[in-house]
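Thanks for coming. I will take a few minutes to walk through one model, starting with the chain as a whole and ending with some single residues.

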Amino acid sequence: FYVALNAWREGLGFRVPAAPTRRAWRRVIDTARGAPDDFVPEGDGPRVAAGEVVPVAPFSLLVLVSEG
């Protein structure tokens, strides 16, 4: 899994590394989103490509899980 935590008062961009499994990442948690989109079942969230810069809202976190 990959966790991006933003404790700053402004949004930040995080560059997503390659997954150790070399498989695609999927978003499972984004605390900046409203329910029920903040937590989604593993495998249901949108894909996030390695190398992509993902925005993380102020005082929130993003959790990605590699497929497989």
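Before the first figure, a definition: a residue is buried under 20% relative accessible area, exposed over 50%, and partly exposed in between, using a 1.4 Å probe and protein chains only. On that basis, buried residues are 34% of the 68 in the protein chain.

Two notes on where the values come from. This is a predicted model, in which local features need pLDDT of at least 70 and side-chain atom pairs count only at pLDDT 80 or more, while totals for chains, interfaces and linings use all residues. Residues are numbered from 1 along each chain as its sequence is written, and side-chain values use heavy atoms, with hydrogens and water left out.

Now the overall build. Helices (H or I, at least four residues) and strands (E, at least two) are DSSP runs, numbered from the N terminus. Along the principal axes, the C-alpha atoms fill a box of roughly 35 × 25 × 15 Å.

Next, the sheet. Which strands make it up, and in what order? It is an open sheet of four strands, ordered E1-E6-E3-E4, with antiparallel pairing. Strands E1 (2–6) and E4 (47–48) are the edges, each pairing on one side only. Two strands count as paired if DSSP finds at least two bridges between them. E3 (residues 25–30) and E4 run antiparallel and are joined by two bridges, and Arg26 stands opposite Arg47 in E4.

On to the aromatic rings. Rings of Phe, Tyr and Trp (its six-membered ring) pair if their centres lie within 6.5 Å; planes under 30 degrees apart are stacked, over 60 edge-to-face, and the rest tilted. Searching the whole structure gives one aromatic pair. Tyr2 and Trp25 form it, tilted, at 6.1 Å centre to centre with 50° between the planes. Because Tyr2 lies in strand E1 and Trp25 in strand E3, the pair ties together parts 23 residues apart in sequence. Tyr2 is buried at 16% relative accessibility, and Trp25 is buried at 3%.

Another buried residue is Val54, at 7% relative accessibility. Val54 sits in strand E5 (residues 53–56). What does Val54 contact, leaving aside neighbours within four places in sequence? The partners are Leu12, Gly13, Phe14, Val16, Val48 and Leu62, where contact means heavy atoms within 4.5 Å.

Last, the loops. The loop between E3 and E4 holds Pro36, and the peptide bond from Ala35 to Pro36 is cis, with omega near 5°. Arg22, in the loop between strand E2 (12–15) and E3, has phi near 65°, a positive value in a residue other than glycine. Arg22 is exposed, with 67% relative accessible area. Phe59, in the loop between E5 and strand E6 (60–66), also has positive phi, near 55°. Phe59 is exposed as well, at 61% relative accessibility.

That is the tour.
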